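Visitor: Please walk me through this structure, one part at a time.

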Protein chains: 2
Amino acid sequence: MFKLLAKSGRARRGEFHTPHGVIQTPVFMNVATLAAIKGAVSTVDLKEVGCQVALCNTYHLHLRPGDKIIKELGGLHRFMNWDRPILTDSGGFQVFSLSALRKIKEEGVYFSSHIDGRKIFMGPEESMQIQSNLASTIAMAFDECVENPSTYEYTKESCERTVRWLIRCKKEMDRLNKLPDTINKEQMLFGINQGGIYEDLRIENMKQIAELDLPGYAIGGLAVGESHEEMYRIIDAVEPYMPADKPRYLMGVGTPSNILEAVSRGIDFFDCVIASRNARHASVFTEHGTMHLLNAKYEKDDRPIDPDCGCPACTNYSRAYIRHLFKAKEMLAMRLCVLHNLYMYNHLMENIRKAIEEDRFEEYKKEKLKDFNMRL
Amino acid sequence: MFKLLAKSGRARRGEFHTPHGVIQTPVFMNVATLAAIKGAVSTVDLKEVGCQVALCNTYHLHLRPGDKIIKELGGLHRFMNWDRPILTDSGGFQVFSLSALRKIKEEGVYFSSHIDGRKIFMGPEESMQIQSNLASTIAMAFDECVENPSTYEYTKESCERTVRWLIRCKKEMDRLNKLPDTINKEQMLFGINQGGIYEDLRIENMKQIAELDLPGYAIGGLAVGESHEEMYRIIDAVEPYMPADKPRYLMGVGTPSNILEAVSRGIDFFDCVIASRNARHASVFTEHGTMHLLNAKYEKDDRPIDPDCGCPACTNYSRAYIRHLFKAKEMLAMRLCVLHNLYMYNHLMENIRKAIEEDRFEEYKKEKLKDFNMRL
């Protein structure tokens, strides 16, 4: 299903074939937590900004509106009117980061909803069932995302449990894909590598999960408290043990610079809320550096955010106008900046893919790292 | 400048020629208070929902970002990227409804900004200067909008002052339109009829302001506390005294039913925040009645808001999805409903125009009033 088209150093240019179309990699997935991009951006807009894959959240959709309702309505694709691939995360990360009073047991996690305090249990089987109801293209394994730093002992224990959970995930997914009323019978399960900042645990874990021969593998538990250097060190350590014929997904990463660094270390899939979240706070990424639109110097600046950008914000509105919208607390401000940042990320990935195809990725990376570190 | 194309009863089908294009009447203007439609709707979207005229607010734009900044940036059309007509209200209504500590004198009004309490003076000349800086297509006269009910004596006194103000507005607008650095040298001034709920004051006032031979006339001071029946009675009383060769604008009105009633009484221009405000609260207008999308019965309803509607919301998303977005507090919910309601209003006006052209407006009105009173 994954076809490696070209390499430039360790950077990979590939195609991932799915029942909802082909994903060109490296790819940045656009986060639509609750089946919608925050900032009043619709799935119609997502096509306009060049999004290939939407990422939705199992935990949030389980609580609201409920995965069973989405199943009754024909699954997530139909619900949110999106015919391209959707990746759902497993809910694990949110269970551990958002919910109160969580208790981790071998069978799964007992926790209280962050909305109404309702007691909920989620284990590997439940996560797969919810994701099967949502009918996403790619389901993620239910794992424990260990905080950084955690002790070696705790990380090891957690990792081992996560492997046992992964085996249960795979079994349950296989079962669900065979049920007659399952919407997407070709739902794919990606495994997740854990092990905190401990290289030996990361490698051992990766070897174990690689044996399960899943259609893709993610590196989880990074960008959760450690430095960028530690993150790159861990990727360097674990990457040689990731199957070369499967896509590799670095979860929750990152800035444009982080993405360049990770691509150069052989990563294919990315996602991060930073693109849309920063935009909602008037902070935009451009090919020439970052920009904070509330800065007084933009008050009378009638140039677009980035004169070279082809996004719906840059082709129609000025910095001065968008700054005014933020000051006046008009929702349109957020929408325009989210559209811009998503377009910028999606087109950055396009440029990365081209640079790999033309085997000039390291030069491209060096040049762009300089640009991305500029504050305009 | 105003060309009457057809009549059906007292309902008028016309064309109003402006330097920013021809307005087909009857028309509903879409309210963009702060140079943006609330609900993350852009001027690009406005074209998609069939908007002919955007209405912006002098008082609000004077405070934020400031009309002088907008002038430096080339005027409102350029600032908000809108090449069709813009009408600016005079600021009078907001001075009287939003600001604290106002003092009305013959020269104008002293008041405190509702944002920072800053003391501001606005009189007829200031209002014209601000609107000239904004460079709208149509400027509205600076008037006092008297609350309903007010005493006969106060209303009479206020009306007379408003006429004196209107004469000053006209003189100042004539002066400004001749200045070399004025952006729109063909800015038009509409007069505003006042007189509360007193027919004789309304008629006397209308006769006086008609003499000034302005390019258009509005009825102000309605929909501010009186009943619908009183409003229709006042329109009936004053309409025969409005110049037949000028457009007539009923300010701040209204529901689809109000619009039908007013069109049948010879009104050509409308504006109202109800279309976008109700939408932001999940209340939508359709050709078949009104609908509140938070209603539990829409939880699993995968039909669009209105299956016959061609708006960006109805062609892409279901009631169940939009209801979910409201419940999850996703901004996209508001955006989709605002797009729907504006499209609905703009296309209602199109149907009204067609019914007048085909001289079947009274039947059309009777039929639609029944529909619009339905709660779905």
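Visitor: How many bridges join strand β4 to strand β14 of chain A?
Guide: Three bridges join β4 (residues 27–31) to β14 (residues 269–271) in chain A, and the two strands run parallel. Across that pairing, Phe270(A) in β14(A) is the bridge partner of Phe28(A). Two strands count as paired when DSSP finds at least two bridges between them. Helices (H or I, at least four residues) and strands (E, at least two) are DSSP runs, numbered from the N terminus.

Visitor: What should I know about the model and its labels?
Guide: This is a predicted model, in which local features need pLDDT of at least 70 and side-chain atom pairs count only at pLDDT 80 or more, while totals for chains, interfaces and linings use all residues. Residues are numbered from 1 along each chain as its sequence is written, and chains are lettered from A and ligands numbered from 1 in the order in which they are written.

Visitor: Which strands make up the barrel in chain A?
Guide: The closed barrel has eight strands in the order β4-β5-β6-β10-β11-β12-β13-β14, with parallel pairing. From one strand to the next, the twist averages 30°. Axes here are lines fitted to C-alpha atoms, for helices over the stretch in contact, and angles run from 0 to 180 degrees between N-to-C directions.

Visitor: And the open sheet in chain B, what is its strand order?
Guide: The order is β1-β2-β3, and the pairing is antiparallel. Strands β1 (2–8) and β3 (21–25) of chain B are at the edges with a single partner strand each, so one side of each has no neighbour in the sheet. Ignoring direction, neighbouring strands of this sheet are turned by 10° against each other on average. Helix α13(B) packs on the sheet and touches β1, β2 and β3 of chain B, its direction making about 115° with that of β2(B). Contact between residues means that their C-beta atoms, placed from the backbone, lie within 7 Å.

Visitor: How many bridges join β1(B) to β2(B)?
Guide: Six bridges join them, in the antiparallel sense. Gly14(B) is the bridge partner of Leu4(B).

Visitor: Over in chain A, what joins β2 to β3?
Guide: A hairpin joins β2(A) to β3(A) through two residues. These strands, residues 11–18 and 21–25, pair in the antiparallel sense over five bridges. Gly14(A) stands opposite Thr25(A) in β3(A).

Visitor: New topic: how are the two chains related?
Guide: Chain B is superposed on chain A by a rotation of 180° with 0.0 Å of shift along its axis, at an RMSD of 0.0 Å. That is the relation of a two-fold axis. In chain B, the C-alpha nearest the axis belongs to Ala40(B), 3.4 Å from it. The superposition is by least squares on the C-alpha atoms of residues with pLDDT of at least 70 in both copies.

Visitor: Why do the copies meet through the same surface?
Guide: They do so because 100% of the interface residues of chain B are also interface residues in chain A.

Visitor: Back to α12(B): how many of its residues are buried?
Guide: Seven of the nine residues of α12(B) (residues 319–327) are buried, including Tyr321(B) and Leu325(B). A residue is buried if 20 or more other C-beta atoms lie within 10 Å of its own, exposed if 12 or fewer, and partly exposed in between, with C-beta atoms placed from the backbone. The buried residues of α12(B) pack against α4 (76–80) of chain A together with α13 (331–357) of chain B. Just after α12(B), Lys329(B) takes a positive phi of about 55°.

Visitor: Where is Glu299(B), and what does it touch?
Guide: Glu299(B) is in the loop between β16 (289–292) and α12 of chain B. Not counting residues up to four places away in sequence, Glu299(B) touches Ile69(A), Ala320(B) and Arg323(B). Glu299(B) counts as partly exposed because it has 17 C-beta neighbours inside 10 Å.

Definitions and conventions: Two residues are in contact if their C-beta atoms, placed from the backbone, lie within 7 Å.
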